[in-house]
Amino acid sequence: RSRSRKPRRSRGSLSDRSPDRSAVLPRRARAAQHSLAAMSGYDRAITVFSPDGHLFQVEYALEAVRKGTTTVGVRGKDCVVLAVEKRATPKLQDPRTIRKILTVDNDIALAFAGLNADARVLVNKTRIECQSYRLNVEDSPTVDYVA
């Protein structure tokens, strides 16, 4: 007598052996789970509106501007003056680490009013662009080029 046996499945990783949650959950629970995941993603993309009609990314940007410091630049005939509002620093933060006026190149500096992390990314990109300009043109970049 020959018995027909089912072919053995290979043992995969633990995630392969765990039951499929979508097969276990009832249909309504799956729909609710999907809608919750979709609702939490409204602030992920700039082009997605929330059910209220808000663009959360725009609101986050406006809030960052509100929390930023005041920055002023004055241009004279042969000089430029940059000034930044100095805010109170937390007790555990070293006040020397907060810098809102940075040098981009030998002759170019900038002041920013927003968040330090955002400015750091933009300043690093600008510094790389200035270095690339120096290597290609063999001259220091102009302010018009950097702007």
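Is Asp 105 buried or exposed? I opened my notebook with that one, and Asp 105 turns out to be buried, with a relative accessible area of 14%. A reminder to myself: this is a predicted model.

**Entry: the overall search.** I searched the whole structure for salt bridges and found four.

**Entry: Arg 134 and Asp 105.** Arg 134 is partly exposed, at a relative accessible area of 30%, whereas Asp 105 is buried because its 14% falls under the 20% cut-off.

**Entry: Asp 94 and Arg 96.** Next I noted a salt bridge between the side chains of Asp 94 and Arg 96, at 2.9 Å from N to O. I looked up accessibility for both: Asp 94 is partly exposed, with a relative accessible area of 30%, and Arg 96 counts as exposed at 63%.

**Entry: Glu 85 and Arg 87.** Here I found Glu 85 in a salt bridge with Arg 87, where the closest N and O atoms are 3.8 Å apart. That pair counts because the cut-off is within 4 Å. Glu 85 is partly exposed at 34% relative accessibility, and Arg 87 is partly exposed too, with a relative accessible area of 40%.

Conventions
Residues numbered from 1 in each chain as written. Predicted model: local features only at pLDDT ≥ 70, side-chain atom pairs only at ≥ 80, totals over all residues. Heavy atoms only, no water. Buried < 20%, exposed > 50% of the residue type's maximum accessible area, 1.4 Å probe, protein only.
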